[in-house]
Amino acid sequence: MMASLFSFKGGVKPASHKDESAQVPITLAPLPSRLVVPLRQSAGGMPLPLVSAGQRVLKGERIGAPEGNFSSAIHAPTSGLVVAVEPRMLPHPSGLSALCVEIEADGEERWIDLVPVNYETETPDALRDILRDAGVVGLGGATFPSHLKLKPGASGRIETLIINGAECEPWITCDDRLMRERSDEIARGIAILRHIVSAERVLIGIEDNKPQAIAAVRAATAGSEGVEVVPVPTRYPAGGERQLIRVLTGIEIPYGRFGADFGVQCFNVATACSVHRAIDLGQPLISRIVTLAGNVERPGNVEALIGTPIDALLKLAMPKADTDRTIMGGPMMGFTLPRTDLPVTKAANCILAASPALFPPQGAEMPCIRCGACTRACPAELQPHELYWFSRAKNFGKTQEYGIFDCIECGCCAYVCPSNIPLVDYYRFAKSSMRTLEREKAVADAARQRFEFRTERDERDKAEKAARLAAKTAAGRQAAEGPGAAKATAAPTATQAPSAEEKPLTPLDDRKKALIAAAIQRIQSQKTGVQPKNTDNLSPEKQAEIREIEARRNKVRELAKTPPEEPV
Amino acid sequence: MLSALLVMAGIAVVLGAMLGFASIRFKVKGDPLVDKIDAILPQTQCGQCSYPGCKPYAQAIAKGEAEINQCPPGGEEGIRKLADLLGKEFKPLSAEHGVEKPKQVAIIDEAVCIGCTLCTQACPVDAIVGAAKQMHTIVAPLCTGCELCVPPCPVDCIAMVAVPETVETWKWRYPVIRLKERKREQAA
């Protein structure tokens, strides 16, 4: 048993609203007729499309290849026909489009040949590659490729594996249901993760408002040595990676470093489940559990294929009449969807129907009174009001000094703000502006470097050309003048003096003439020197043909020599 | 009296020698102001400022020969930054040097390209690849959108297109207080 738990500072306790959707077992969402699968569903590079329109795909077939190691593969969620590979609007706060693969389901759900792997006989590297190719990413919301997190950091090895079942955000219950119903699969996934990193102990952190989940996971992991289920106090954001690591181990990870550097690594329970499926069953990540909640008649959790249209899921939950918008993610960190016909992605843990009654519009923004409520609530121990002032003034250097990149955008500060300031919006603005500036600066620096290199190269080329020309003319002169060259080159300098009267111009003229004659001779020798190489060993017919052509050519030359009758 | 004079003269000589040494030892190569100005300029190398590149323009600004409002790609923000750096008044972009445009990138219609190499010669940042009588193409991430390759093209196969915003380059908007809604709320 754990001796004692640690704690993180700040945090809030919003009404959890979890009971509505946590009571009903997970159902399988019906197969939609068309699925739109975005190719980029994880942090890192954009996967390259492997299919084109008109191609048939099987369920689980790879349709997007990971670009480089910092990326994860994408698979067809069902068997069917690829209708289009084109940019489509993404479920993203920007409402922008990116490359998606649209698949028309054939309803057969025919799988590719699944290749289960016995993880105990595989090397960690091979398992990491399998996870990358199976498209396994963090399902807690950040969708960071899991194979990257399984690499040992600066500390050399990962001693403590943390499994995140906290699920702290209100309304969301997908991990809760998953732990209750599929704790065996989670336990197997944990065993694989543990094998890959050879961790000594595993801590499964679950918020203490989920007793059934705690019991189920305890039962599933009862036999394994060093695995412990730890109920953590319910406080938002206990499920934040850094917060959970701190609560369970007391380790505080500084900015710019990762858990792996301190011998800890954190995975979501749903990620553990998909790791099990990828290794033990050979199934890539093509579905996830989505909580449907909020202003709906039938809240619950559904297992939906990636690419299922969100409105098809909403239909299952039956939103009430006064629903005015749809939120993807929870009420604290989620964002309002620009439309509802967008696809479910690997990041979509919750679809929340919102109504003015349930989520009253935020009151008008009032001036900051520096009450410090946000500072007390901030789980990252920042000073949100200072960050707010600097972000608002676009003083990005200062925001960085005050640690804005440590902000996890949990929304606690905005939740407690008595002036209704949308603080997180300001931080997001500042962060993304800084990233844009950084990117632009990198591009400008590279452009400057290339421009300078080009200028230098041009100058060098010019100098080299001049040098070559000088050398050539000097050589030509020497050739024209023969052995007396040295004398002759000295002569012009002498002739420039007015006192030297003998032969004032002729030597120069002679030299020029000689040079021209030499050049002509050179060209002629080049001309005559070149012989066609394909005229040996020809058959008599071919030779006759050549003679004929030559005769024609001569005729044309004769014609060309005769002056035209009318001047053009 | 004499000793005092000697002491003072001695100190003067020693200090002078130290200063002289320091001025050689710690000499700053180049003009640091030019580099600072150059860092603000967008490095499109387009020559719209009437100087053959960003660095020459930066040098001209540092010497006081050029105004700070001659760089259309840098736009209003660039002028503001220059004004801040140099302690000058902000001036609107001078119209004779061009207008501010959204970021662009050149695209070669590869079917039309005849491989004349004129665009590669014009590109200040080596963003065009191709050889004589071979198709040319633009390495889009390297293109600064300076438009210098457009006029030399004999077959007009180069088009400038605006760089589209992607999910990766998208920026959160500055939060704005919607005054209309607020007024309505107050009225209610």
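Reader: How much area is buried between chain B and chain A, and what share of that area do carbon and sulfur atoms give?

Author: The model is a predicted one. In it, about 2800 Å² is buried between chain B and chain A, and carbon and sulfur atoms give 59% of that area. On the chain B side, B:Val167, B:Trp172 and B:Tyr174 lose the most area to chain A, together 26% of what that side buries. The contact takes 31 residues from chain B and 30 residues from chain A.

Reader: How many salt bridges does the rule find across this interface?

Author: The rule finds five between chain B and chain A. One pairs the side chains of A:Arg454 and B:Asp126, at 2.9 Å from N to O. The elements giving two or more residues to the chain B side are α2, α5 and α6 of chain B, and α5(B) gives the most, with three residues. By class, that side has 14 nonpolar, eight polar and nine charged residues.

Reader: Is helix α7 of chain A largely enclosed or open?

Author: Seven of its nine residues, in the run 241-249, are buried, so α7(A) is largely enclosed by the rest of the structure. The buried residues of α7(A) pack against β9, β10, β11 and β12 of chain A. After α7(A) comes A:Gly250, with a positive phi near 80°.

Definitions and conventions:
Residues numbered from 1 in each chain as written. Chains lettered and ligands numbered in written order. Predicted model: local features only at pLDDT ≥ 70, side-chain atom pairs only at ≥ 80, totals over all residues. Heavy atoms only, no water. Buried < 20%, exposed > 50% of the residue type's maximum accessible area, 1.4 Å probe, protein only. Helix = DSSP H or I, 4+ residues; strand = E, 2+ residues; numbered from the N terminus. Contact = heavy atoms within 4.5 Å. Buried area = accessible area lost by both parts, 1.4 Å probe. Salt bridge = Lys/Arg side-chain N within 4 Å of Asp/Glu carboxyl O. Nonpolar A, V, L, I, M, F, W, Y, C, P; charged D, E, K, R; others polar.
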